[in-house]
Amino acid sequence: FMDAAIFMIKELSANSIIRPDLEFWHIQSIINKTVKYMYIMSYGNPEVRKKFENAHCPLEVTLVHNAIEDLKSIGRSATEVEVQAEAKRYLSEFNVRLLKQPVTKNTFSDTTQYKLFQEIIEFISKQKDIYPIEYSYLV
């Protein structure tokens with residue numbers, strides 16, 4: 001989905017459609033929410049639902065805060081030392097402020113934090129036995 005967001009930014013930028021206050025998370029949110037609603041429509045069909053197994057979770061402020069709290073909780077309560085260590089590593093590496101950058105042609109020189117957020121959601125989702133796209137329903 002990040003590739004789709006990058007494509008949208010490039011197309012909007014090339015056609016001078018981008019507002020100066022538009023940020024990366026706005027674009028990815030539009031894409032990920034669209035997929036999320038498509039997923040909801042497929043929920044009753046396990047074969048179609050399985051196709052969303054790797055769909056990204058929308059990056060929203062409430063989800064970021066919830067993920068941080070989940071990581072703290074996993075870090076405290078996990079019985080496996082490796083799981084505790086991974087939760088703590090994610091907490092130390094994630095920086096929400098880097099995602100709040102204005103959208104320009106150079107916005108995507110570093111997508112590390114978006115990718116890290118998706119890794120975090122995948123990690124938490126495995127602990128909760130859900131698909132990453134379902135994480136947004138828990139908040």
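Visitor: What share of the contacts between residues at least 6 apart in sequence joins residues at least 24 apart?
Guide: In this predicted model, 68% of the contacts between residues at least 6 apart in sequence join residues at least 24 apart. A pair counts as a contact when heavy atoms lie within 4.5 Å.

Visitor: What makes up the protein, in order from the N terminus?
Guide: The elements run α-α-α-α-α-α, with 6 helices and 0 strands.

Visitor: How many of the residues count as buried, as a percentage?
Guide: Of 139 residues, 41% count as buried; the term requires a relative accessible area under 20%. The accessible surface of the protein comes to about 8,400 Å², and carbon and sulfur atoms hold 54% of that surface.

Visitor: What span does helix α4 reach, and what is expected?
Guide: Helix α4 covers residues 61–77 and has 17 residues. From first C-alpha to last, α4 reaches 24 Å, close to the 24 Å expected at 1.5 Å a residue.

Visitor: Which residues of α4 are buried, and why are they said to share a side?
Guide: The buried residues of α4 are Leu63, Val64, Ala67, Asp70, Leu71, Ile74 and Gly75. They cover an arc of only 135° around the axis, and therefore lie on the same side of α4. In general, an α-helix has 3.6 residues a turn, so residues three or four places apart point the same way.

Visitor: Which residues on the other side of α4 are exposed?
Guide: His65, Arg76 and Ser77 are exposed there, a term that requires over 50% relative accessible area.

Visitor: What covers the buried residues of α4?
Guide: The cover includes α5 (81–93) and α6 (112–128).

Conventions: Residues numbered from 1 in each chain as written. Predicted model: local features only at pLDDT ≥ 70, side-chain atom pairs only at ≥ 80, totals over all residues. Heavy atoms only, no water. Helix = DSSP H or I, 4+ residues; strand = E, 2+ residues; numbered from the N terminus. Expected span 1.5 Å × (residues − 1). Buried < 20%, exposed > 50% of the residue type's maximum accessible area, 1.4 Å probe, protein only. Arc of directions from axis to C-beta. Areas by Shrake-Rupley, 256 points an atom, 1.4 Å probe, with all protein chains shown as cover.
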